[in-house]
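Here are my notes on the model you sent over. Have it open beside you as you read.

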Amino acid sequence: MMNEDLFNEIYNEYVKDVYAYFKICFGEYTADDLTQNTFIKIFNHLNKYSFFIPHNRKAWVFSIVVNVKNDYLREKQKNPATEELFENIPTVDDPLDSIIINKAIRELNDKDRDVILMTSMGLSSDEIAKHIHISASAVRSRLSAARTRLKIILEKYGVDVE
């Protein structure tokens, strides 16, 4: 018997962050699907291992997010013709700055984008290092370089960054 309260707590605490991560990486249509897939995996895991309680919820959820993202990218490589037609159309309700920042983050390479997004989700450099299989000091170096590249892209769009 699964602990439904635990699932609901995890869902309520992380659904917005998970969706935001996928939206920045892939756009809103894919973000909906990948967010749903993530929480299905969480639900199934909690259902299968009823006594499991994650020690660090954020790190555990994000490890599932990374796996869902990697599965999606592998599938997309196999079937490149399944590209979403309306993927990069922003919603009308998005403020202009948010659209520009999302566009700038999408212009980063995958490694830079991942380290910036994981950091923005509150993961430590040690936690990020475990997910992407590099040292914590390499994460900090990559983050510094990624922030510099993001700043250059934002300045290209006329956003002043201090």
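1. A definition to begin with: buried means under 20% relative accessible area, exposed means over 50%, and partly exposed is in between (1.4 Å probe, protein chains only). By that rule V139 is buried, at 2% relative accessibility. You'll find V139 in helix 7.

2. Some housekeeping. This is a predicted model, where local features need pLDDT of at least 70 and side-chain atom pairs count only at pLDDT 80 or more, while totals for chains, interfaces and linings use all residues. Residues are numbered from 1 along each chain as its sequence is written, and side-chain values use heavy atoms, with hydrogens and water left out.

3. The overall picture is helical: 7 helices and 0 strands, giving the pattern α-α-α-α-α-α-α along the sequence. Helices (H or I, at least four residues) and strands (E, at least two) are DSSP runs, numbered from the N terminus. The chain has 162 residues, and 38% of them count as buried.

4. Contact here means heavy atoms within 4.5 Å.

5. Now the core. A nonpolar core is a set of buried Ala, Val, Leu, Ile, Met, Phe, Trp, Tyr and Cys residues joined through side-chain atoms within 4.5 Å. The largest one holds 42 residues, and I10, Y21, F22, F39, I42, V61 and F62 touch the most other members. Two or more residues each come from helix 1, helix 2 (28-48), helix 3 (57-78), helix 4 (96-107), helix 5, helix 6 and helix 7. Helix 1 gives the largest share of this core, 11 residues.

6. Y21 deserves a look of its own. This residue sits in helix 1 (residues 4-26) and is buried, at 1% relative accessibility. Beyond its neighbours within four places in sequence, Y21 contacts F62, V65, K69, D114, L117 and M121. Between Y21 and L34, 13 residues apart in sequence, the C-alpha to C-alpha distance is 10.0 Å.

7. Helix 2 has 21 residues and spans 30 Å from first C-alpha to last, close to the 30 Å expected at 1.5 Å a residue (the expected span is 1.5 Å times one less than the number of residues). Its buried residues are E28, T30, A31, L34, T35, T38, F39, I42 and L46. Why do they count as being on the same side of helix 2? Because they cover an arc of only 160° around the axis, the arc being that of the directions from the helix axis to the C-beta atoms.

8. Within helix 2, T38 is buried, at 0% relative accessibility. Not counting residues up to four places away in sequence, T38 touches V18, F22, I64, V65 and V68.

9. Next, helix 5 (residues 110-120), which includes D112. D112, R113, D114, V115, I116, L117 and M118 are buried in this helix. D112 itself has 2% relative accessibility, so it counts as buried, and apart from its neighbours within four places in sequence it is in contact with R142, A146 and R149.

10. Check both ends of helix 5. N109 caps the N-terminal end, with a side-chain oxygen 3.1 Å from the backbone nitrogen of K111. After the helix comes G122, with a positive phi near 95°.

11. Back to V139. Leaving out residues up to four places away in sequence, V139 touches V115, S125, I128, A129, I132 and I134.

12. Last, is H133 buried or exposed? H133 is exposed, with a relative accessible area of 69%. This residue lies in the loop between helix 6 (125-132) and helix 7 (136-156). Please check its backbone: H133 has a positive phi of about 60° although it is not a glycine.

Conventions:
A polar contact is a pair of N or O atoms within 3.5 Å; within protein, one must be able to donate a hydrogen and the other to accept it, and residues adjacent in sequence count only if both atoms are side-chain atoms.
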